[in-house]
Amino acid sequence: MAVNWEEKTLYDYLLNPKKYIPGTKMVFPELKKPQGRADLISYLKQSTAF
């Protein structure tokens, strides 16, 4: 399954990685709260901006 990584996709992935990568052992328990996921995505956008 090819994933088009966009902000919405990343937001959903951080909540439920197994949906996008079946069999994965990765979990992000500290990102269960919506604000935590939004903050991480915001940080990634800022740190990777040119």
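1. Arg37 is part of helix α3, which spans residues 34–47; helices here are DSSP runs (H or I, at least four residues), numbered from the N terminus. The model is predicted, so local features need pLDDT of at least 70 and side-chain atom pairs count only at pLDDT 80 or more, while totals for chains, interfaces and linings use all residues. Residues are numbered from 1 along each chain as its sequence is written, and side-chain values use heavy atoms, with hydrogens and water left out.

2. Arg37 is buried but has no salt bridge, and Asp12, the nearest side chain of opposite charge, is 6.4 Å away. Buried means under 20% relative accessible area, exposed over 50%, and partly exposed in between (1.4 Å probe, protein chains only). A salt bridge requires a side-chain nitrogen of Lys or Arg within 4 Å of a carboxyl oxygen of Asp or Glu. Lys and Arg count as positive, Asp and Glu as negative; His and the chain ends are not counted.

3. A polar atom of the Arg37 side chain lies 2.8 Å from the backbone oxygen of Leu31.

4. How many salt bridges does the rule give? The count is two. In one of them, Lys45 pairs with Glu7, with the closest N and O atoms 3.0 Å apart. Lys45 lies in helix α3 and Glu7 in helix α1 (residues 7–15), so this pair ties together parts 38 residues apart in sequence. Glu7 is partly exposed, at a relative accessible area of 48%.

5. Lys8 and Asp12 also form a salt bridge, at 2.9 Å from N to O. Both residues belong to helix α1 and are four residues apart, about one turn of the helix. Lys8 is exposed, with a relative accessible area of 53%.

Methods:
Helices (H or I, at least four residues) and strands (E, at least two) are DSSP runs, numbered from the N terminus. A polar contact is a pair of N or O atoms within 3.5 Å; within protein, one must be able to donate a hydrogen and the other to accept it, and residues adjacent in sequence count only if both atoms are side-chain atoms.
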